[in-house]
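Welcome, and please load the model in your viewer.

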Amino acid sequence: MWSVYLDNNPLRAGSARALGVASRRAYHSPLAPLRARKVSKTALPGRRWVRIRNFMAGISGTDLALVHLQTDPSVGLMALPRPSRTYLGREVVGEVIDIGPEAEFLRVGDRVAYQLDQCCATRDIEPPCRHCASGNYSICENRYLPGPQPIGGGWGDEMILHERQLFLVPDGLADEQAALLEPSAVALHAALRHQPQPEENVLVIGAGSIGLLTIQAVRVFAPQANVTVLARHPFQVEMATRMGATRMLYVEDGTAAVARMTGGRHYRRRLGPELLVGGFDVIYDTVGSDTTMQQALQWVRGRGTIVQAGMRLERMHLDPTPIWDQEVNICGAIGHGSESWPGGAGLASSWSADNGGRVSTFALAAALIRERRLTPQRLVTHRFPLREVRRAVEVARDKATHRSIKVLLDIRDVAMPSEAVEELQPVEASE
Ligand SMILES: [Zn+2]
């Protein structure tokens, strides 16, 4: 099996970081962590594990951050034990081609999408932790315990996972739509962490895939809401409008523009700090940098809510005074899980909840995509065969030059370049 992964040897990271200052090519050099190699065929590591042949995978912002080592070593999450390899690609659809003898949910031939990382269900932990018990596996309290790890990810022709990590894709979804269930679910989960109310003033910061899908998700749950978008590039503005944004905010217009849009009061010292009293009711920050977090704190109204949905492993330098001075609510959103019935908005047909009124975010995403209320396939701007993965990563990263939003890898064409001939032992299975 072929796999594209990161070799977590610190020497590789160190050389790529040092040389990456001069040129981004350093992240693709033979010395960099990014590797495309053949992994030895291996037996399934457990009785409920399954082997998937991948069809198609997306390149996510998280993948790009990992490839380009945008990880501050002083951030708390970096304390976690790291495997020797990080397999890339969580936005993936494929077909089950082999199952362990005790698999309960999946059969050979099932079409599946990668849904979960490790949690109580994949470790067969009974009773599950409080979060898994309510379907919120992304914050499982046992997710970092040692145990068998997946082999391979979406950027490869095959991957080996516990069957509970997979979502059975319903009929009626094209492969592209199924591969993009993951970012769709991330956006839905962010929107439902604080459901906007009708006619509220909403700001979505960022117009990458997650930002654009968050616009659509907000429109699903609050069709009357006024959705403003802060986008960086003109082509993103165009797509944001197609996804349902009603207004654009440009960074250069700043706080004065927010005051005009929301009826707030803007105070500014000459060449000094500025303050807005009033502002947006809800802000979804899908970027997560200290710049965007500061904008969110500055532009949210008193007792308004910020949903922090951008995942960055960076330290922030912030002026947090609005949190207490304006009694701002901040809630985080990571990944997806299960959602409560939000009521209204004609959602009954999408909401076949059977678990105390809750439904998995993936199942909700699949239903909304089938109803064409979420259209992640519209975001696909580029497709590459797997052997051109380095080119695909460059196109996904350099958004302005290539006008790229979502870049897909076609995994059916697996012929890899001749440099990728080294055969590796699948170490993760035994760790
Ligand atoms: Zn758990």
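Which elements do the buried residues of α9 pack against? Keep that in mind as you select helix α9, residues 290–299, in this predicted model. Seven of its 10 residues are buried, so the helix is largely enclosed by the rest of the structure. Show the side chains of the buried ones: Thr-292, Met-293, Gln-295, Ala-296, Leu-297, Gln-298 and Trp-299. Now colour their surroundings. The strands that these buried residues pack against are β9 (201–205), β13 (274–277), β14 (280–285) and β15 (300–308). Two helices join them, α8 (254–262) and α10 (321–325).

**Next stop: a pair of helices**

Select α5, residues 181–193, together with α6, residues 209–221. How do you describe such a pair? Two packed helices are characterised by the angle between their axes and by the distance between those axes. Here the angle is about 55° and the axes are 8 Å apart.

To see what lies between them, show Pro-183, Ser-184, Val-186, Ala-187, Leu-188, Ala-190 and Ala-191 on the α5 side. Across from these, α6 contributes Ser-209, Ile-210, Leu-213, Thr-214, Ala-217, Val-218 and Phe-221. Colour this contact by residue type and you will find 11 nonpolar residues, three polar ones and no charged ones.

**Zooming out: the two domains**

Domain 1 takes in 2–114, 147–160 and 379–430, while domain 2 covers 184–350. Between their centres, taken over C-alpha atoms, there are 31 Å. Where the domains meet, 15 residues of domain 1 are in contact with 11 residues of domain 2. On the domain 1 side, the elements that give two or more residues are α2 and α13 (399–402). That side is made up of six nonpolar, five polar and four charged residues.

**Last stop: one residue**

Finally, select Thr-62, which is found in helix α2 (residues 61–67).

Definitions and conventions
Residues are numbered from 1 along each chain as its sequence is written. This is a predicted model: local features need pLDDT of at least 70, side-chain atom pairs count only at pLDDT 80 or more; totals for chains, interfaces and linings use all residues. Helices (H or I, at least four residues) and strands (E, at least two) are DSSP runs, numbered from the N terminus. Domain bounds come from an automatic or database domain assignment. Two residues are in contact if their C-beta atoms, placed from the backbone, lie within 7 Å. Ala, Val, Leu, Ile, Met, Phe, Trp, Tyr, Cys and Pro count as nonpolar, Asp, Glu, Lys and Arg as charged, and the others, Gly among them, as polar. Axes are lines fitted to C-alpha atoms, for helices over the stretch in contact, and angles run from 0 to 180 degrees between N-to-C directions. A residue is buried if 20 or more other C-beta atoms lie within 10 Å of its own, exposed if 12 or fewer, and partly exposed in between; C-beta atoms are placed from the backbone.
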